[in-house]
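Subject: Structure for you to look at

Hello,

Here is the structure you will be working with. Please open it alongside this email and follow the notes below.

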Amino acid sequence: MPDLSDGGDDAAAVNSLRSAVMRLSRRLKHQRVDESLSPTEMSVLGTLARCGSATPGELARKEHVQPPSMTRIVAMLEAKELVRLEPHPDDRRQKVVTQTERATSMLEESRRRRNAWLAELAGGLTDEEWAALRAAAPVLEKLAHL
């Protein structure tokens with residue numbers, strides 16, 4: 001575990017990582033395909049793409065929002081024809097949220113655009129920096145899911 005108590009190398013590395021990830025995230029958000037969607041709506045679509053169909057309650061837990069907020073988000077996505085609500089197979093009181101083909105296509109184009117942008121940025125790295133970034137990618141992925 002990093003030692004953050006003395007403000008030394010570990011604390012500086014954590015601070016630098018936080019700052020870099022936040023700046024990069026903000027810049028990536030500007031590469032969106034559909035500017036009419038909020039970052040939260042895009043995140044919900046991404047969760048559906050990664051995890052598959054889910055109830056609004058499950059999505060609320062995964063997205064760390066309150067269930068009434070998720071109900072509003074799902075309603076907005078449904079109005080934009082990016083998700084559809086289907087009956088839950090085991091509980092008639094529940095609905096299951098599923099992304100539409102339109103959402104799948106939009107997410108694929110968004111990923112393509114963001115990947116191309118990142119690849120262009122990476123073109124400015126040295127071979128050693130690129131190797132370090134490739135090695136760090138699985139660690140960053142793990143951090144993102146802890």
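**What was found**

Four of the five residues of strand β2 are buried (under 20% relative accessible area, with exposed over 50% and partly exposed in between, using a 1.4 Å probe and protein chains only), so β2 is largely enclosed by the rest of the structure. Helices (H or I, at least four residues) and strands (E, at least two) are DSSP runs, numbered from the N terminus.

This is a predicted model, in which local features need pLDDT of at least 70 and side-chain atom pairs count only at pLDDT 80 or more, while totals for chains, interfaces and linings use all residues. Residues are numbered from 1 along each chain as its sequence is written, and side-chain values use heavy atoms, with hydrogens and water left out.

Strand β2 covers residues 95-99 and contains Val97. It runs antiparallel to β1 (residues 83-87), and five bridges join them; two strands pair if DSSP finds at least two bridges between them. Val97 is the bridge partner of Leu85. Val97 has a relative accessible area of 0%, so Val97 is buried. Leaving aside residues up to four places away in sequence, the contacts of Val97 (heavy atoms within 4.5 Å) include Leu48, Pro56, Leu59 and Val74. Val83 is 14 residues from Val97 along the chain, and their C-alpha atoms are separated by 6.4 Å.

Which residues of α3 are buried? They are Leu59, Ala60 and Glu63. Seen down the axis of α3, they fall within an arc of 105° (taken from the directions from the helix axis to the C-beta atoms), so they line one face of the helix. The cover over them includes α2, α4 and β2. After α3 comes His64, with a positive phi near 60°.

Thr47 lies in helix α2 and counts as buried, because its relative accessibility is 3%. Its side chain makes a polar contact with the side chain of Glu63 at 2.3 Å. A polar contact is a pair of N or O atoms within 3.5 Å; within protein, one must be able to donate a hydrogen and the other to accept it, and residues adjacent in sequence count only if both atoms are side-chain atoms.

Regards
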